[in-house]
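Subject: Structure handover

Hello,

Here is the structure I promised to pass on. Please have a look at it before reading my notes.

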Amino acid sequence: MTKESDYDVIVVGGGFAGMYALYRLRNQGHSVRVLEAGSDVGGTWFWNRYPGARCDVPSLEYSYGFSKELEQEWDWPEVFSAQPDILRYANHVADRFDLRRDIQFNTRVVGVTYLETQNLWQLRTEDNAVLTSRFCVMATGCLSVPNKPDLPGADSFTGRVLHTGSWPNEPVSLSGQRVGIIGTGSSGVQAIPELAREAEHLTVFQRTPVYTVPANRNRMRPAVQDEFREHYPQIREMQRNNFGGVSGFQPVKSVAHKSTGEPRPSLPKDILSLTHAERVALVEDRSLAVLLAFPGIYSDPQANEAANEAYREGVRRLVNDPATAEKLLPKTYGLGCKRQVLDRDYYATFNRDNVTLVDLMEDPIVSIQPTGVETGSGLRQLDVLVYATGFDAMTGALLRAGIKGRGGETLNNKWRHGPAAYLGLQISGFPNLFTVTGPGSPSVLCNMLVAIEQHVDWIVDCISYLEENGIDSIEPLPEAEEQWVNHVNEVARGTMYTAPTCNSWYLGANIEGKPRIFMPYVGGLPRYRERCEEIVMQGYAGFELKPARARSANQSKN
Ligand code: NAP
């Protein structure tokens, strides 16, 4: 590459996507700089350190597949790992592949501008440093901009304010404290049991009740881990061919000698073939999670409501106080509309004497006061207020980066009616800028590590192709981008995700004023991956590739 820029590639973000991009780009001989706002690697797992944070994908699957040695040497202590273990893994990867020397920490990017005449990207950091590169890879994460609602008087609170999505690095002691938490999504549901164990009193401010099912709490069995290690090549292939990027590999040897007692009878295929009483009995016998095993509940509204009803009955049996139980029942939307939440002891927590549930639908927040939260029924005195109010998902980090493309058009303007990107990889009008797991890709509907590796591989191979073929820039054709956006919308139509009763962050519905568009690609990883590969085979169909000569000629005309 020419040395007209500081770097060949600048990667924004040092989470799992940025780390892998650095590894691959460096191996391809490119000069790379990663700019990361945090003080260390890990992205999501660096910021979300709240008590109870853990992954909802099994760790043997939620791990990098690019290095056989890494797969063989890393031990996961639990089947579904907690945040500290995942962050430890990220740190191990950074050390093992000597990544930190090319990562600039504590560096927030506030401007990303395309310098048209030079065909370069110029990145400006918060402290006004300026760096240039030929290519820019936005590895900024899908859930990286915490959403803090603008509640009246919020700044007047004199106690400690925390957000689950930017939890402090140092330990937070809540012992003897009156803690309030706003939000009952995945983060809130994970944090609530832990906070209740530590705080003197916990007040949960719930706006919309959640569907949550018990998480797998098993320690990792070494024999299972060994069997995974033995079969990793096959498992990675299974992941790539699985809708959600999870292999579902069943260890055979290690499970064979474990089973005790009679095998459970298998479930009928259709939940509607059971009576309500049978469904409830099933839930009592096997937990709320059993309802998710009926595939029809995600496509048939009647089956969905049957499952929702059984779920509600199951919750009534878990929560001692009937009035509290009633408040906890999700009634305005169905299972499958939002990302499924997994918990440890969520409902049991509401049986504790030191926990109060405030249903904001009947007792809304009026204001935040210096000493607590005032709802319609009065002031709740607090020492600590925790926001578990989610993220400006998928587009938030990209829109905050101050991206300006050709002709000075801002990404914010281009996306004013909602995000439009080709394959979630590139945006028309923004040549040589790539997004990892951007809107229109399977991203958050997929095992993120598998989605990230697929995207990064595509991007790095693309950059190599451009170089090898003397091509200066790549950018989607507007019509290809539009067709892809239409396709993304089409496959989402009619699913539970886009049901009229469904309001989720997938749709941008959690952020006031955000255009309501279903952002991830719901067609599944294999279909998506095949399309990405086909496009490459067809010489990057739908992209405009400009040879170096074309740009020079255009410039001399201007
Ligand atoms: P979330 O699912 O968006 O939940 C945010 C919660 O805050 C909701 O209960 C929401 O209520 C509430 N809220 C927002 N604004 C409010 C307001 N003004 N007043 C009162 N309540 C308000 O966010 P999250 O829990 O952080 O989870 C986001 C995603 O991160 C998850 O879906 C998941 O993909 C990922 N995540 C995964 C894990 C895991 O792997 N286990 C853990 C944490 C997060 P409404 O529903 O009424 O808007």
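This is a predicted model: local features need pLDDT of at least 70, side-chain atom pairs count only at pLDDT 80 or more; totals for chains, interfaces and linings use all residues.

**The ligand**

The shell around the ligand holds 23 residues. Those that come nearest are S187, Q190, R207, T208 and W505. By class, the shell has nine nonpolar, nine polar and five charged residues. Which helix gives the most to this shell? Helix 5, residues 186–198, does, with three residues.

A polar side-chain atom of S187 sits 2.6 Å from an oxygen atom of the ligand. The backbone takes part too. A polar backbone atom of D56 is 3.1 Å from a ligand oxygen. For A388, a polar backbone atom is 3.3 Å from an oxygen of the ligand. On its own, the ligand has 900 Å² of accessible area, and the protein covers 86% of that.

**The cysteines**

How many disulfides does the whole structure contain? A search finds one. The disulfide joins C337 to C502, with 2.0 Å from S to S. The link is right-handed, with 85° about the S-S bond. C337 is in the loop between helix 10 (322–327) and strand 11 (341–343), and C502 is in the loop between helix 15 (478–492) and helix 16 (525–537), so the pair ties together parts that are 165 residues apart in sequence. Both C337 and C502 are buried.

Two other cysteines deserve a look. A disulfide needs two cysteine sulfur atoms within 2.5 Å. C136 is buried, at a relative accessible area of 0%. C446 is in no disulfide either. For C446, the nearest cysteine sulfur belongs to C142 and is 11 Å away. C446 has 5% relative accessibility, so it counts as buried.

**The strands**

Start with strand 4, residues 109–115. Five of its seven residues are buried, so strand 4 is largely enclosed by the rest of the structure. What does strand 4 pair with? One partner is strand 5 (residues 120–125), in the antiparallel sense, over six bridges. There, V109 has T125 as its bridge partner. Strand 4 and strand 5 form a hairpin with four residues between them. N119, in that turn, has a positive phi of about 55°. Strand 17 (residues 403–404) also pairs with strand 4, this time in parallel, through two bridges. V112 stands opposite I403 in strand 17.

Another hairpin joins strand 14 to strand 15 through two residues. Strand 14 covers residues 372–375 and strand 15 covers residues 378–381. They run antiparallel, with four bridges between them. T375 stands opposite G378.

**A charged residue**

Last, E71. Where does E71 lie? It is in helix 3, residues 68–73. Is E71 buried or exposed? E71 has 8% relative accessibility, under the 20% cut-off, so it counts as buried. The E71 side chain makes a polar contact with the side chain of R236, at 2.7 Å.

Best wishes

How values were computed
Residues are numbered from 1 along each chain as its sequence is written. Side-chain values use heavy atoms; hydrogens and water are left out. A residue is near a molecule or strand if one of its heavy atoms lies within 4 Å of it. A polar contact is a pair of N or O atoms within 3.5 Å; within protein, one must be able to donate a hydrogen and the other to accept it, and residues adjacent in sequence count only if both atoms are side-chain atoms. Accessible areas come from the Shrake-Rupley method with a 1.4 Å probe; for residues, only the protein chains shown count as cover. Ala, Val, Leu, Ile, Met, Phe, Trp, Tyr, Cys and Pro count as nonpolar, Asp, Glu, Lys and Arg as charged, and the others, Gly among them, as polar. Two strands pair if DSSP finds at least two bridges between them. Buried means under 20% relative accessible area, exposed over 50%, partly exposed in between (1.4 Å probe, protein chains only).
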